[in-house]
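Subject: Structure handover

Hi,

Here is the structure I promised you. Please open it first, then read my notes below.

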Amino acid sequence: MKILCFAHLSEQLGIHELNLDLGSITVADFRLEMKRRYPELLLDHVMIAVNEQFADDQDQIGPNDTVALLPPVSGG
C-alpha cells in the first residue's frame, strides 16, 4: 500500500511517501503497525484517509490502497 505523509509527519520521517506490504488490515491495526515501525510518529490525533475517503478504525485497508496520514490543521 502507498502511504502519504503530510506536514510534520513527513518531516519526522524525512519522506513524503512510503510503500509497505501489510496485506489487508483494519485502520486500527494499521495505526498499531505504524507505531511499532515508526515510534517517533505521533498518530493519536492524525486523521487517516483511504483512497481519499476519511476512514474509521474498523474500516479495511487493502494492499493496493492509498493511505493518507493527515495531522490536525490550525489556522488563524
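Start with Glu40. Glu40 is partly exposed, because its relative accessibility is 40%. On this scale buried means under 20% relative accessible area, exposed means over 50%, and partly exposed is in between (1.4 Å probe, protein chains only). Glu40 sits in the loop that links helix H2 (27-37) to strand S4 (47-50). Helices (H or I, at least four residues) and strands (E, at least two) are DSSP runs, numbered from the N terminus. Leaving out residues up to four places away in sequence, Glu40 touches Gln12 and Leu13. A contact here means heavy atoms within 4.5 Å. Leu9 is 31 residues from Glu40 along the chain, yet their C-alpha atoms are separated by 9.3 Å.

A word on the source. This is a predicted model, in which local features need pLDDT of at least 70 and side-chain atom pairs count only at pLDDT 80 or more, while totals for chains, interfaces and linings use all residues. Residues are numbered from 1 along each chain as its sequence is written, and side-chain values use heavy atoms, with hydrogens and water left out.

Now the whole chain. The protein chain has two helices and seven strands. Their order from the N terminus is β-α-β-β-α-β-β-β-β. The radius of gyration is 12 Å, close to the 11 Å of the globule rule for 76 residues, so the chain is as compact as a globular protein of that length. That radius is taken over C-alpha atoms, and the rule is 2.2 Å times the number of residues to the power 0.38. The C-alpha trace spans about 35 × 25 × 20 Å along its principal axes. Of the 76 residues, 39% are buried. Among contacts with a separation of 6 or more, 54% join residues 24 or more positions apart.

Next, the core. The largest nonpolar core holds 21 residues. Such a core is a set of buried Ala, Val, Leu, Ile, Met, Phe, Trp, Tyr and Cys residues joined through side-chain atoms within 4.5 Å. The residues with the most contacts inside this core are Met1, Ile3, Phe30, Met34, Ile61, Val67 and Leu69. Strand S1 (2-5), helix H1 (8-13), H2, S4 and strand S7 (66-70) each supply at least two of its residues. H2 gives the most, with three. In soluble globular proteins, nonpolar side chains tend to be buried together.

Two residues are worth a look here. Met1 touches, beyond its neighbours up to four places away in sequence, a list of residues including Leu18, Leu22, Ile25, Phe30, Ile61 and Val67. Ile25 lies in strand S3 (residues 25-26). Ile25 counts as buried, because its relative accessibility is 12%. His45 is 20 residues from Ile25 in sequence and 20 Å away, C-alpha to C-alpha.

Last, backbone angles. Which phi does Ala7 have? Phi of Ala7 is near 55 degrees, a positive value in a residue other than glycine. Ala7 is in the loop between S1 and H1, and is partly exposed at 48% relative accessibility. Asn51 also is not a glycine, and its phi is positive at about 50 degrees. Asn51 is in the loop between S4 and strand S5 (53-54). With a relative accessible area of 40%, Asn51 is partly exposed.

Best wishes
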